[in-house]
Amino acid sequence: MPPQKKPKLGIGKGKGKGDKAGNSKPEAAESSTDGATAVAQGQRATTRRNLRGKKGGLKDMPGMPLDILIEIFSLMHPRDLLSLARTSKDFRALLMSRNSMSLWKAARQQVPGLPDCPSYLSEPAHANLAFFTHCHRCLKPNVKTVIWEFSVRYCPECKKEMLCDTFSYTYFFLRMSRELGEPSGRRMLTIHLMPATKGARYGDPYYHVPEVETFKTKYASLRTVEEKKIFIMEAEDMVTMREEHAKAMGQWKLNQEESRSAELDVIKKARFDAIKDRLRDEGWEDELNDMPSYEHRSLARLKACRKSQKLTEHAWQSIRQEILEFMERVRTNRLDSEHQELLRQRLTILYGLITKWEQSSIPRSADTDWHPLFADFALMPCFREIVEAPSETEVTAEDFQHLRDQLPALRNAWVEERRAEFESITAVAPTGDDVPPLSLAVVTFGCKRCHRNGLRWPHVLAHACPRAPLFRHRAEGPDQKLRQAIDNTCINQEQLTLLSPTGQRAFTPVPKFNVPTKKVELAIEACGKDPAVATYEEMEACGVRLICTTCLQPKHTCEVFDWKSAAHHTGTNVLEELVLPEWGHITKDLTHDPTFQPLDAELTAQVKMLEAAAVAAAPNTLFGCTRCRRRGRTANMKDHCTRKHGIEQPELGADYYVHAASERPQIRIYPQSHQDHPVVVADVQAHRALVSSSLFPSS
């Protein structure tokens with residue numbers, strides 16, 4: 001086997017002294033002892049040996065007949081023609097001659113839509129501006145932004161030095177206008193509006209520094225006013241010419257970008273179609289045909305599919321695994337969607353069964369608002385077993401029918417489970433009597449979402465906030481798919497969804513236990529009951545109405561509380577600043593300790609009558625439908641009764657009732673001496689207030 005040849009380290013052909021291999025040494029090695037330089041030159045020489053074609057093959061081209069050169073050059077792109085002019089001195093001398101301008105014009109015709117070269121630019125300069133992306137000052141490459149008004153490309157660093165804001169020369173042009181007696185504001189220099197930056201609404205105007213300096217020098221060299229005026233007119237014409245050419249070049253560049261974008265889109269589409277053909281060949285045709293539009297868009301947005309390159313066998317093998325993983329996710333999502341649809345169909349059958357059973361016990365009332373809903377029944381094991389049966393099993397209404405007689409027992413069992421959950425978060429000392437903790441009047445709960453306090457058992461189960469749809473909270477768990485299907489079914493049927501068990505959903509607002517406060521005990525004691533043993537039913541039955549004597553002031557006003565609203569009285573229910581001419585400004589202390597006093601029997605009866613009337617008239621009172629589970633405000637409930645149940649004139653008590661989650665309206669008492677005041681008259685007419693002479697003896 002012959003010995004391997006050593007690479008040449010130089011470009012000479014003669015033998016150098018001391019070179020045993022017979023190769024000439026590089027000149028750098030002869031003139032310097034720097035070994036690193038010799039190695040670097042040797043590497044460059046080795047790289048050049050790998051170039052294709054014969055080196056120097058076009059060196060005799062400038063000597064070819066002129067008609068042949070003209071034929072060749074006329075078919076070249078201006079970019080190629082300028083690159084050729086930069087290869088050697090001979091080409092440069094040939095192509096940069098004024099006699100060769102016809103070649104440049106012919107080459108420019110090869111570019112569709114390219115504007116003509118303006119008079120202030122040469123053809124090579126015009127080609128250099130349009131097709132080469134180096135900075136015109138520091139030669140930094142890849143400068144894509146062209147300032148067409150100035151016919152230059154500048155990198156960001158050079159742009160800072162070569163452009164100046166127009167305000168810097170305001171005084172110069174004002175002085176020139178006064179000198180010539182001409183009006184100011186004439187366009188004598190080209191202006192470029194810099195694109196608006198972040199935080200700026202409009203771009204700032206800039207001059208080109210070389211143009212400004214040339215203008216100033218030329219203007220200073222002129223002696224007479226007439227010469228200066230002629231020069232200014234010529235400068236204005238040049239500005240107009242530059243602006244017109246800049247506009248044309250900008251439009252051409254935009255058209256080029258759009259055309260290139262369209263070409264790339266065609267290539268991308270062909271690549272995407274080729275990828276789909278590959279997937280069909282591997283058995284994914286059904287998945288591609290059944291793929292939802294959003295999944296199809298997601299596939300098209302993959303980086304592997306968005307490349308503007310033709311799909312080759314090697315390229316496919318490099319992206320195949322990524323594409324197949326995406327298709328596996330698509331298949332998984334499709335199977336999940338089909339499973340969700342199957343669950344929803346079965347749950348819809350169950351919803352019909354639950355609805356018919358509930359309609360057998362109408363009319364509904366506030367005592368049934370806290371009973372389990374369809375969503376709660378659907379999550380019970382006996383129903384889950386049927387709903388989650390294998391997809392091959394056909395589920396009909398008859399499969400649920402045998403459980404209809406068990407619904408009352410299942411309802412009671414669900415209530416007891418919820419009772420145990422709420423008792424587990426209740427921190428109240430035992431009373432010694434056999435009184436359930438949740439029955440005590442001091443035991444209340446608050447909502448973490450709407451911040452409502454004073455929720456009590458069992459009406460806390462009727463509060464809507466814990467039944468927020470599951471998909472909003474991204475809950476995880478073994479029954480997450482079933483819960484999601486239940487949520488979707490409830491949304492389709494316009495029903496509240498699952499009750500969130502305490503502590504199970506991390507992001508769902510669940511009820512929290514409120515530690516009994518001193519105000520709760522004061523309110524219960526003011527009603528004549530013992531806070532340690534008084535139950536919710538006893539307090540509701542007592543019917544006592546209270547006022548806060550701390551808030552009560554002669555010739556002013558006071559609020560009336562029941563025992564529940566009094567427990568949360570902090571002064572915020574009092575009219576904080578009521579301006580009346582004879583009363584002045586009434587400002588209550590919002591942090592005072594309340595002192596409650598029960599109203600007499602006569603005032604209590606009047607207040608209860610107003611409360612009953614205010615409930616029906618109040619726009620924010622929550623009502624429930626006596627025929628279904630629908631809840632809503634006054635206008636919405638009447639519209640529901642008419643639209644859903646065909647009742648033309650719905651009535652309170654017969655067609656809808658005050659929901660258990662609704663709050664009792666607040667009543668205000670005014671002194672009799674101000675019964676004619678417009679504010680008092682408006683509140684009395686709206687059933688929000690009454691006038692009393694006994695409560696304000698000094699009035």
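User: Which residues is Asp683 in contact with, leaving aside its neighbours within four places in sequence?

Analyst: Contact means heavy atoms within 4.5 Å. On that basis Asp683 touches Arg668, Tyr670, Arg688 and Ala689. This is a predicted model in which local features need pLDDT of at least 70 and side-chain atom pairs count only at pLDDT 80 or more, while totals for chains, interfaces and linings use all residues. Residues are numbered from 1 along each chain as its sequence is written, and side-chain values use heavy atoms, with hydrogens and water left out.

User: Why is Asp683 called buried?

Analyst: Buried means under 20% relative accessible area, exposed means over 50%, and partly exposed is in between (1.4 Å probe, protein chains only). Asp683 has a relative accessible area of 7%, so it counts as buried. Its place is in helix α26 (residues 678-685); helices here are DSSP runs of H or I with at least four residues, strands are runs of E with at least two, and both are numbered from the N terminus.

User: What makes Lys276 buried or exposed?

Analyst: Its relative accessibility is 13%, so Lys276 counts as buried. This lysine sits in helix α11 (residues 225-281). Leaving aside neighbours within four places in sequence, Lys276 is in contact with Leu288 and His296. For the protein as a whole, buried residues make up 40% of the 699 residues.

User: How do you know that Arg384 and Glu388 form a salt bridge?

Analyst: The rule asks for a side-chain nitrogen of Lys or Arg within 4 Å of a carboxyl oxygen of Asp or Glu. In this pair the closest N and O atoms are 3.5 Å apart, and the pair is a salt bridge. Arg384 is partly exposed because its relative accessibility is 23%, and Glu388 is partly exposed because its value is 38%. By the rule, the count comes to 29 salt bridges.

User: What about Glu421 and Arg418: why are they said to be about one helical turn apart?

Analyst: They are 3 residues apart in helix α19 (residues 407-424), so about one helical turn separates them. Glu421 and Arg418 are both buried.

User: And what makes Glu540 and Lys564 a salt bridge?

Analyst: Their closest N and O atoms are 3.6 Å apart, and the pair is a salt bridge. Glu540 lies in helix α22 (residues 536-542) and Lys564 in helix α23 (residues 563-566), so the pair ties together parts that are 24 residues apart in sequence. Glu540 is partly exposed because its relative accessibility is 32%, and Lys564 is partly exposed because its value is 22%. Elsewhere, salt bridges that share partners join Glu287, Arg331, Arg334 and Glu338 into one network.

User: Why are α15 and α20 called oblique?

Analyst: Helix α15 and helix α20 (residues 480-492) pack at an angle of about 55°, with their axes 9 Å apart. Axes are lines fitted to C-alpha atoms, for helices over the stretch in contact, and angles run from 0 to 180 degrees between N-to-C directions. Under 35 degrees is roughly parallel, over 145 roughly antiparallel, 65 to 115 roughly perpendicular, and the rest oblique. The two helices are therefore oblique to each other. Residues making the contact include Leu343 and Leu347 of α15, and Leu482 and Ile486 of α20.

User: Which residues touch the most other members of the largest nonpolar core?

Analyst: A nonpolar core is a set of buried Ala, Val, Leu, Ile, Met, Phe, Trp, Tyr and Cys residues joined through side-chain atoms within 4.5 Å. In the largest one, which has 57 residues, Leu350 and Phe383 touch the most other members. Helix α15 (residues 313-359) gives the most to this core, with 7 residues.

User: Last one: why is Leu139 called exposed?

Analyst: Leu139 has 60% relative accessibility, so it counts as exposed. It lies in the loop between α7 (123-131) and β1 (146-147), and has a positive phi of about 65° although it is not a glycine. Asn142 is found in the loop between α7 and β1, and is exposed because its relative accessible area is 53%.
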